[in-house]
Amino acid sequence: MKDSLIFYTLLLFCLISGCKDDDIKLEIKNESRLGVCIKTVDLQYGPFYPDTAISKYSTYAYIESRDKIYYPLPSDLQIYFDFLPADTFSIFIFSEDTVDNYPWEKIREDYRVLKRYDLSQEDLIRLDFKITYPPNPKMRDVKMFPPYIE
């Protein structure tokens with residue numbers, strides 16, 4: 001079930017972004033012991049930084065422990081970031097347990113986020129389009145909530 005959800009979520013991401021061979025692939029790796037779910041900015045519904053409310057419309061993808069997924073970004077990142085009101089791409093990370101056991105209204109109301117990354121274009125380039133949960137030391141300068149702790 002989760003494998004098909006991952007497949008269809010990634011297919012949706014590709015269709016929305018117009019995934020091409022020369023597109024950039026943002027690697028999102030789960031280094032935790034538990035499965036996590038991620039939500040990214042939905043270009044139709046947001047959320048758009050600095051509004052970090054969790055959109056009920058955007059889809060999420062599941063990442064098993066020690067696994068990774070790829071989120072396609074257009075090869076011309078500037079056009080993508082120009083569309084965003086604050087030059088910031090947000091990624092929300094939730095525990096699998098939270099997503100499985102609570103309705104989105106409750107998740108949004110209580111802001112049950114494990115981590116939120118607010119990435120600039122420069123952050124993505126500096127990180128070579130690779131981010132992890134939990135954040136690694138290379139990510140210490142990325143704006144995130146809760147903040148990075150060494």
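Modeller: Buried means under 20% relative accessible area, exposed over 50%, and partly exposed in between (1.4 Å probe, protein chains only). Helices (H or I, at least four residues) and strands (E, at least two) are DSSP runs, numbered from the N terminus. This is a predicted model, in which local features need pLDDT of at least 70 and side-chain atom pairs count only at pLDDT 80 or more, while totals for chains, interfaces and linings use all residues. Residues are numbered from 1 along each chain as its sequence is written, and side-chain values use heavy atoms, with hydrogens and water left out.

Biologist: Where in the protein chain is confidence highest?

Modeller: The predictor's confidence in each residue is pLDDT, from 0 to 100. The chain has a mean pLDDT of 81, and 73% of its residues reach 70 or more. Residues 1-13 stay under 50. Helix α1 (residues 2-17) is lowest, at a mean of 45, whereas the highest mean, 97, belongs to β7.

Biologist: How many residues of β6 are buried?

Modeller: One side of β6 carries K115, Y117 and L119, and the other carries R116 and D118; all are buried, leaving both faces covered. D118 counts as buried because its relative accessible area is 4%. The buried count for β6 (115-119) is 5 of 5.

Biologist: Which residue is the bridge partner of R116 in β8?

Modeller: Two strands pair if DSSP finds at least two bridges between them. β6 runs antiparallel to β5, joined by 5 bridges, and S90 has D118 as its bridge partner there. β6 also pairs with β8 (residues 143-145), again in the antiparallel sense, over 3 bridges. In β8, R116 is partnered by F145.

Biologist: Which strands stand at the edges of the open sheet, and why is one side of each left without a neighbour?

Modeller: This sheet has 3 strands in the order β4-β1-β7, with mixed pairing. Each edge strand has a single partner strand, so one of its sides has no neighbour in the sheet; the edge strands are β4 and β7.

Biologist: Which residue in β7 stands opposite I28?

Modeller: β1 and β7 run parallel and are joined by 4 bridges. The residue opposite I28 is I131.

Biologist: Which residues have the most contacts inside the largest nonpolar core?

Modeller: A nonpolar core is a set of buried Ala, Val, Leu, Ile, Met, Phe, Trp, Tyr and Cys residues joined through side-chain atoms within 4.5 Å. The largest one here holds 28 residues, and those with the most contacts are L26, L73, F89, I91 and Y117. Elements giving two or more residues to this core include β1 (24-30), β4 (68-73) and α2.

Biologist: What is omega for the cis peptide bond that joins F145 and P146?

Modeller: Most residues other than glycine have a negative phi, and most peptide bonds are trans. The bond from Y133 to P134 is cis, with omega near -10°, and P134 is in the loop between β7 and β8. P146 is in the segment after β8. Its cis bond with F145 has an omega of about -15°.

How values were computed: Contact = heavy atoms within 4.5 Å.
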